[in-house]
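I opened my notebook to jot down what I looked up in this structure. Here are the entries, in the order I made them.

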Amino acid sequence: MRMRTKAMGTTMAFLGTLALVSAAGAAEMPAGTLEKLVGLYVPMQEALAGDSVATVKEQAAKVATEAEAILKTKGEKPSIDAIEGLEAVVAAAKAMNAAEIKALREQFKPLSSAVARLVEKQAVAGHGIYFCPMADAYWIQKSGAVKNPYYGAKMLGCGEVVKKVEA
């Protein structure tokens with residue numbers, strides 16, 4: 001009961017923070033950029049959910065490169081909120097350098113939180129924000145059955161949808 005209460009409190013605090021930031025200004029990004037970023041992030045979530053480290057570090061490097069490219073885009077610029085979110089994505093993605101799956105999963109938490117903040121402000125069709133109370137962490141995945149990247153096969157279905165976006 002305590003754990004569930006803590007998870008609910010954590011979820012509410014996260015969403016409350018997002019609501020305050022969203023109220024301050026929309027995190028709009030140039031068309032298609034967030035979709036591309038999430039498209040690079042999702043294979044990491046899927047690999048970790050499948051108990052694999054095969055492509056995680058390579059995808060993290062691609063996520064960092066894409067976020068940096070969005071920040072340097074000429075023409076349509078992201079909002080200040082999005083810029084701060086993208087900077088957090090870059091830092092978290094570059095920090096994903098562990099060789100062991102347990103450590104990579106821990107390093108995946110800040111990246112997932114940063115991506116979730118962007119997705120909360122500007123939805124990506126067909127994806128949702130999920131939360132695992134056991135890991136006390138968020139992630140983004142394609143909508144559907146829960147595929148927990150923090151525990152893989154041990155607890156693949158552990159988690160809940162926080163925000164779902166239909167295709």
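**Entry 1**

I started with Asp-51, which I found in the loop between α2 and α3. Helices here are DSSP runs of H or I with at least four residues, strands are runs of E with at least two, and both are numbered from the N terminus. Before going on, I noted that this is a predicted model, in which local features need pLDDT of at least 70, side-chain atom pairs count only at pLDDT 80 or more, and totals for chains, interfaces and linings use all residues. I also wrote down that residues are numbered from 1 along each chain as its sequence is written, and that side-chain values use heavy atoms, with hydrogens and water left out.

Asp-51 counts as partly exposed because its relative accessibility is 38%. (Buried is under 20% relative accessible area, exposed is over 50%, partly exposed is in between, with a 1.4 Å probe and protein chains only.)

Then I checked Asp-136, which sits in the loop between β1 (127-132) and β2 (137-142). Asp-136 also has a positive phi, about 55°. At 35% relative accessibility, Asp-136 is partly exposed.

**Entry 2: helix α3**

(The expected span is 1.5 Å times one less than the number of residues.)

Which residues of α3 are buried? I listed Val-56, Gln-59, Ala-60, Val-63, Ala-64, Glu-66, Ala-67 and Ile-70. Seen down the axis, the buried residues of α3 fall within an arc of 165°, so they line one face of the helix. (The arc is that of the directions from the helix axis to the C-beta atoms.) On the other side of α3, Thr-65 and Lys-72 are exposed.

What covers the buried residues of α3? I found that the cover includes α2 (33-49), α4 (80-94) and α5 (101-121), where contact means heavy atoms within 4.5 Å.

**Entry 3: helix α4**

I looked at α4 too: it has 15 residues and reaches 21 Å from its first C-alpha to its last, close to the 21 Å expected. Its buried residues include Gly-85, Leu-86 and Val-89.
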